[in-house]
Each structure stands twice: as C-alpha cells, then as structure tokens.
Amino acid sequence: MDPYKAKEFEEYGKMWIPLVNKLGGTHHGYFLPHEGANHIAYALFTFPSLAAYEEYRAKMALDEECQIAYKFAEDTKCILSYERSFMRPVFK
C-alpha cells in the first residue's frame, strides 16, 4: 500500500470485506501497518475449497460493487503492488 494513502487504502479494504462475504468467502479483516514497515498490509480471507475460491474470482469479475472497489483503488493509487499467498490453517 502507499503509506501516504493509508486512509484511502483503509476505505478500499472496508469495501472488500462485505464483498468477499457476499461472494462465498469469509473475510477475516485487513491488517494495516502500525509499527515497522509502513507499506505492507494484509488481507486474510478463507473459502471452503479452492473450487469455491475460483467461483468467487469468476463472480468478482462480473460484480458491479467489486468493479467499483477496483476503480477506487485505481483512481486513488492506494495500492503499490499485490502479492498473493495461499496457505492452510492449523488450529489444533
């Protein structure tokens, strides 16, 4: 994220939380910089399966609210780069 546009990035993140939930995932929130590196933020969300995530990606490409969120990020330039990682949780 652009550290000079933290407010815009937070607004962008708040747009996506209900969208991920609406499209079949569970959003666990955004984690924005507080101390240390000021340009790294994390979004954590889960889907029941890889197939469900792929369905989300297809729906997201057609969803009007998602396109509005993408345009907001593009217009404000609050995102410097994306890096995606896929992980599996271990709770016990």
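Student: What should I know before I start?

Tutor: The model is predicted, so local features need pLDDT of at least 70 and side-chain atom pairs count only at pLDDT 80 or more, while totals for chains, interfaces and linings use all residues. Residues are numbered from 1 along each chain as its sequence is written, and side-chain values use heavy atoms, with hydrogens and water left out.

Student: Which residues of H3 are buried?

Tutor: Helices are DSSP runs (H or I, at least four residues) and strands are too (E, at least two), numbered from the N terminus. Buried means under 20% relative accessible area, exposed over 50%, and partly exposed in between (1.4 Å probe, protein chains only). In H3, the buried residues are Cys66, Ala69, Phe72, Ala73 and Thr76. They cover an arc of only 115° around the axis, which puts them on the same side of H3; the arc is that of the directions from the helix axis to the C-beta atoms.

Student: Why would such residues line up?

Tutor: An α-helix has 3.6 residues a turn, so residues three or four places apart point the same way. The face of H3 turned away from the buried side carries the exposed Glu64 and Glu74.

Student: What do the buried residues of H3 pack against?

Tutor: Contact means heavy atoms within 4.5 Å. The partners are helix H1 (6-22) and helix H2 (50-62).

Student: Which residues touch the most other members of the largest nonpolar core?

Tutor: In soluble globular proteins, nonpolar side chains tend to be buried together. A nonpolar core is a set of buried Ala, Val, Leu, Ile, Met, Phe, Trp, Tyr and Cys residues joined through side-chain atoms within 4.5 Å. The largest one has 18 residues, and Tyr12, Trp16 and Tyr56 touch the most other members. H1, H2 and H3 are the elements that give two or more residues to this core, and H1 gives the most, with five residues. Not counting residues up to four places away in sequence, Tyr12 touches Ala69, Phe72 and Ala73, among others.

Student: How many disulfides are there?

Tutor: A disulfide is a covalent bond between the sulfur atoms of two cysteines. The rule here is a pair of cysteine sulfur atoms within 2.5 Å, and the count comes to zero. The sulfur of Cys78 is 15 Å from the closest cysteine sulfur, in Cys66, too far for a bond. Cys66 is buried, with a relative accessible area of 0%, and Cys78 is buried, with a relative accessible area of 0%.
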